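Open the model in your viewer and keep the selection tool at hand.

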Amino acid sequence: MVTRIVDLRSDTVTKPTESMRTAMAMAEVDDDTLVYDPTALHLETEMAKIMGKEAALFVPSGTMGNLICVLAHCDVRGSEVILGDNCHIHILENGGIATIGGVHPRPVKNNDDGTIDIDLIEAAIRDRDERRNLMYPTTKLICLENTHAKSGGRCLSVEYTDRVGEIAKKHGLKLHIDGARYF
């Protein structure tokens with residue numbers, strides 16, 4: 001029997017405990033413009049290690065993190081991203097990918113569990129002829145949200161995520177996971 005509810009809809013519903021507030025208040029800080037902030041550097045170093053990456057970057061909001069990632073993968077204005085019609089990046093982040101990055105969103109229907117049908121993802125990918133035609137945006141990226149806030153904070157399975165990753169590789173695309181609730 002479940003005795004405790006964990007709300008994974010959004011990182012903004014999580015409230016820090018007293019010990020977390022104390023740790024924040026006591027953290028060593030510096031101006032990260034003139035010198036590197038030691039606490040942020042430690043966090044980035046640890047996260048890179050945990051995730052098996054060469055580096056990590058701390059950003060103050062999930063919206064900023066998603067925007068940076070989409071722009072890193074869609075490096076040419078007019079690039080296109082396939083994403084769920086009910087995901088954060090599409091409906092809750094003020095259209096930043098289009099407004100700031102010139103990235104065209106191509107929304108595909110989210111299922112109630114936060115997934116997108118694999119067949120619909122593949123059908124949304126522009127074929128090579130369309131990619132060469134300057135009249136169409138160039139599909140560059142697929143975005144998933146995990147956990148999926150508008151689906152009650154449901155987690156996408158590793159198997160599903162891997163299947164979408166295989167499709168991305170097959171078509172020479174990148175895959176971005178909006179994972180604000182990763183840890």
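Start with helix α6, which covers residues 118–124 and contains Asp 119. Bear in mind throughout that this is a predicted model.

Select Asp 119 and show its side chain. Is Asp 119 buried or exposed? Its relative accessibility is 64%, so Asp 119 counts as exposed, the cut-off being over 50%.

Next come the salt bridges. How many does the structure hold? There are five salt bridges, and the tour visits some of them.

**Lys 140 and Asp 75**

Select Lys 140 and Asp 75. The two form a salt bridge, and their closest N and O atoms are 2.9 Å apart. Lys 140 belongs to strand β3 (residues 138–145), while Asp 75 sits in the loop between α3 (62–73) and β1 (79–84), so this pair ties together parts that are 65 residues apart in sequence. Asp 75 is exposed, at 56% relative accessibility, whereas Lys 140 is partly exposed, with a relative accessible area of 23%.

**Glu 80 and Arg 126**

Move on to Glu 80 and Arg 126. Their side chains meet in a salt bridge of 3.0 Å, N to O. Glu 80 is in strand β1 and Arg 126 in the loop between α6 and α7 (128–132), so the bridge ties together parts that lie 46 residues apart in sequence. Hide the surface for this stop, since both partners are covered: Glu 80 is buried, with a relative accessible area of 0%, and Arg 126 also counts as buried, at 9% relative accessibility.

**Lys 170 and Glu 122**

Now select Lys 170 and Glu 122. A salt bridge links them, with the closest N and O atoms 2.8 Å apart. Lys 170 lies in helix α8 (residues 158–170) and Glu 122 in helix α6, so the pair ties together parts 48 residues apart in sequence. Lys 170 counts as exposed at 57% relative accessibility, and Glu 122 as partly exposed at 27%.

Which residues are joined into one network? Salt bridges that share partners connect Glu 80, Arg 106 and Arg 126.

Terms used
Residues numbered from 1 in each chain as written. Predicted model: local features only at pLDDT ≥ 70, side-chain atom pairs only at ≥ 80, totals over all residues. Heavy atoms only, no water. Helix = DSSP H or I, 4+ residues; strand = E, 2+ residues; numbered from the N terminus. Buried < 20%, exposed > 50% of the residue type's maximum accessible area, 1.4 Å probe, protein only. Salt bridge = Lys/Arg side-chain N within 4 Å of Asp/Glu carboxyl O.
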